[in-house]
Amino acid sequence: METLVKNKFEFHNNVLNFSNKVFYYIESFSSLKIDALGKYDAIILDARDIEFARIILKKFRSHSNIEFYLKPIFLINSKSNEDPLLKELIDGIIVSFDQIPETINDINQINLKTAQLESSTSNSFEIQLFKKVLNFMFTRETNTFTPHTDINSAMGYCYPTVSVNFETFEEVKVLELLEWAEKENLIWPDFFDRVYLCNNCKGGHLSYREICPHCDSANMRSEDLVHHFPCGYIGAISDFKNNVDTVLNCPKCTKNLRHIGVDYDKPSIINHCQNCNEVFQDYLVKAKCTHCKTDSDVQFLLSKNINVYKLTKKGRTAAVGGISASDFTLSDEVFGTVNLKTFATMMHYEQERIKNNTLLNANVVIIYIENIFDLYRKIGKSKERELLAEFVNIVRDNITPADFICINNPSVLSVCINDAPLANAELMVSKISNKLKELVANNFDGFELNILTQTEILSKEQSFDKQLHHLIKDIVEKG
Ligand SMILES: [Zn+2]
Ligand SMILES: [Zn+2]
Ligand SMILES: [Zn+2]
């Protein structure tokens, strides 16, 4: 740090205050933990070590919390590199701390845009993730998803704003998300390229070989086939060669071959397998996946279009207006729950019940699982229903039979707890929250659920819809 002391812009313990902004400087090879950095206005990231910078940047941009994934990040000591993430997901490059004043305008612009974003809970994994991507694009004023060739991507291409949210070797999920967004009319495709992926693991690191159709060996030699017109003999060119000179002699009639096209021709190529000794004209082409080792005929590879996508009008307005999609229907299928409409009706009657009797009361509980979609991203969306059913079982075990549960969407459960003092209800909820975390941690490799809960006495004055709306809004914005 000695050289930095001479500068006007000096970081103390990696922190610098300038123009009402607090900057945090992440040095190369420092801690990979970013949890404590949410509170800073901007990050100056040392890119001396490209791999380190890439990991840190990925941690920020893949985070589920807006405080992290929209954080203004500037690189310093950046060598020229071709890494698409380091190019597209940063907010600028500075050559020295003296250029910090030049970042202020960008930071203000991002903050201004961030304040306009709509925030609500999402009905699905796709909506949650795509909304996040749209938020980033809106605050960075871009409209286009451009594919970049990427050596770190299992399919050879990445779309940085989307790909950053997926693990290596899961990039094909990026294409699936984009296909979903296209179906929802959020983006519009323009053909750019095509890739071929392993039909087993969907990886794109494939090794192509020409192989023998009899024994699958790639150990084969090809040579010209020669047709001698005068005698009609057809054979491999090696049959016409001798060890003494370059003259070709016909093995059948022993004449010298003179001019191609006049007395002989090379009608095609013949292949000779060095492994099984077979001779054949057409070889097969197989592609071996370097990831899962599946070796398949190229005709059976999975082909996917790589498109340049542009946001449609619907897509451009979705960052501030939200993504409207069909209602969440899974709640009807999970035993022991009611859907939102029924829940609202029941709560209305509940209000009527408690209005005229001061001995009765009811509590509304919101259980918000902030990072549930991160879990689905890990374990697959197909587990959603099963897991929600488990969650409902846990809730059910810790409330009384007269209470009822609603799955608002995969990240929000609402519960009505009847005739219990608020403090008791809160205790029940904290127990539920702990058990949910325990269930997930035990079954999914220590995954930590972030659960926020809010318990309130059911209002006797306000309509239930309003109370629920405020409760969810508060809790989501707190997260
Ligand atoms: Zn594979
Ligand atoms: Zn062979
Ligand atoms: Zn001949």
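Modeller: Before the sites, the cut-off: a donor is an N, O or S atom within 2.8 Å of the metal. Keep in mind that this is a predicted model.

Biologist: OK, which residues coordinate the zinc ion (ligand 3)?
Modeller: His-228 through ND1, and Cys-231, Cys-250 and Cys-253 through SG, at 2.1 to 2.3 Å.

Biologist: What is the arrangement of its donor atoms?
Modeller: The site of the zinc ion (ligand 3) is tetrahedral, with angles of 101 to 118° among the 4 donor atoms. Its donor residues follow the spacing H-x2-C-x18-C-x2-C in sequence.

Biologist: Where do Cys-231 and Cys-253 lie?
Modeller: Cys-231 is in the loop between β11 (220-228) and β12 (234-236), and Cys-253 is in the loop between β12 and β13 (264-273), so the pair ties together parts 22 residues apart in sequence.

Biologist: Switching to the zinc ion (ligand 1): what coordinates it?
Modeller: The SG atoms of Cys-198, Cys-201, Cys-289 and Cys-292, at 2.3 Å. The angles subtended by the 4 donor atoms run from 101 to 114°, so that arrangement is tetrahedral.

Biologist: How are those donor residues spaced in sequence?
Modeller: As C-x2-C-x87-C-x2-C. Cys-201, in the loop between β9 (187-197) and β10 (206-211), and Cys-292, in the loop between β15 (284-289) and β16 (295-297), link distant parts of the chain, 91 residues apart.

Biologist: And what is the relative accessibility of Cys-201?
Modeller: 23%, so Cys-201 counts as partly exposed. Cys-292 is partly exposed too, at 26%.

How values were computed. Residues are numbered from 1 along each chain as its sequence is written. Chains are lettered from A and ligands numbered from 1 in the order in which they are written. This is a predicted model: local features need pLDDT of at least 70, side-chain atom pairs count only at pLDDT 80 or more; totals for chains, interfaces and linings use all residues. Side-chain values use heavy atoms; hydrogens and water are left out. Donors are N, O and S atoms within 2.8 Å of the metal (3.2 Å for Na, K and Ca); water is not among the atoms, so sites may look incomplete. Four donors count as tetrahedral if all angles lie between 85 and 135 degrees; four count as square planar and six as octahedral if opposite donors are over 155 degrees apart and all others between 65 and 115; anything else is irregular. Helices (H or I, at least four residues) and strands (E, at least two) are DSSP runs, numbered from the N terminus. Buried means under 20% relative accessible area, exposed over 50%, partly exposed in between (1.4 Å probe, protein chains only).
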